Amino acid sequence: MSLIKAGRSSSSPEVHREIAARSEAKIHEAIGEIKQRCPSSRGKLEALIIDLANLDPVKPAVENFISKEQRLDVLFNNAGVMGTNPDEKSAQGYELQMGTNVLGPYLFTRLLEPILLNTAIRQSSPGDVRIVWVGSMLNVGTPKGGVVWDSHTDGPSMPSTTMANYMQSKAGITFLGHEFAKKLGEKGIISTSLHPGMMKTKLQWNMPAPVSAMMSVVFKGPTYGAFTELYAGFSSEIQSEQNGRYIIPWGRLGSIPQHMAPGILTEEQGGTGLSKKFWDWCEATTVSYH
């Protein structure tokens, strides 16, 4: 997760970035690497410790951030896990990929809404305040419709395979990007989701060795994925007309798969209303942690 506060001095832009993760050691390692690569930067980097597999510490982390900061210009929801065993659970008992990739970031974003809205009010041009949801390539491996709904539990079903669970969580993130755009768009906030690109990162640590080896040969380095995220977070090509859109590598407007498209439409619009139903489930699941 990254939280960007962008201010301007009289001579040059100044960017304050907080990197959120569950490991303090890993955050400081990342900060050290960035500073080494950009020794002349006037930007500021800070750490925000948060474990998104557990909903309990999310609110204290947000309160810590708000106690120090007056604005939040761009929120990148790019934390996640992949390839975990279907039996692994979040602290609250949800399938780990759904808990970490969806429920934690959803709660984090909901609690940051006030500071995002306050920042948007002070902006001279609408659309500079943004929420970026990092999803995946949805054309392969995503359950039909994006999220398979269990009518008995009135929530997402839990597929039997690791990859199906992962792709369902990423489809859910795409739905959230769309729903936040509907909710906050008229208030000057842009929310988009994206497929960052096929990259070799530490996200694949849990994958079987042969799959990981193949990925290391075929996939590109993480810098390429950053291009896609930077486009979503800062490109002037993205205006209110593009709110809720799905972005593809390495910074282009794309479209979600046809089998997911009915989900973002309400039943009155001829769709299934699945996106809103998924939002409602996330809200009901996390509301006691607000």
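In this model, strands β5 (129–134) and β8 (residues 189–194) run parallel and are joined by six bridges, where strands are DSSP runs of E of at least two residues, numbered from the N terminus, and two of them pair if DSSP finds at least two bridges between them. Within this pairing, W133 stands opposite S193 of β8. The model is predicted, so that local features need pLDDT of at least 70 and side-chain atom pairs count only at pLDDT 80 or more, while totals for chains, interfaces and linings use all residues. Residues are numbered from 1 along each chain as its sequence is written, and side-chain values use heavy atoms, with hydrogens and water left out.

β8 also runs parallel to β9 (residues 246–248), to which two bridges join it, and L194 has I247 as its bridge partner there. Both faces of β8 are covered, with I189, S191 and S193 buried on one side and I190, T192 and L194 buried on the other; buried means under 20% relative accessible area, with a 1.4 Å probe and protein chains only.

The largest nonpolar core has 50 residues, of which L3, F108, L112, L176 and F278 touch the most other members; such a core is a set of buried Ala, Val, Leu, Ile, Met, Phe, Trp, Tyr and Cys residues joined through side-chain atoms within 4.5 Å. Helix α3 gives the most to this core, with 12 residues.

A polar atom of the N101 side chain lies 2.8 Å from the backbone nitrogen of V81.

How values were computed: Polar contact = N/O pair within 3.5 Å; in protein donor to acceptor, adjacent residues only side chain to side chain. Helix = DSSP H or I, 4+ residues; strand = E, 2+ residues; numbered from the N terminus.
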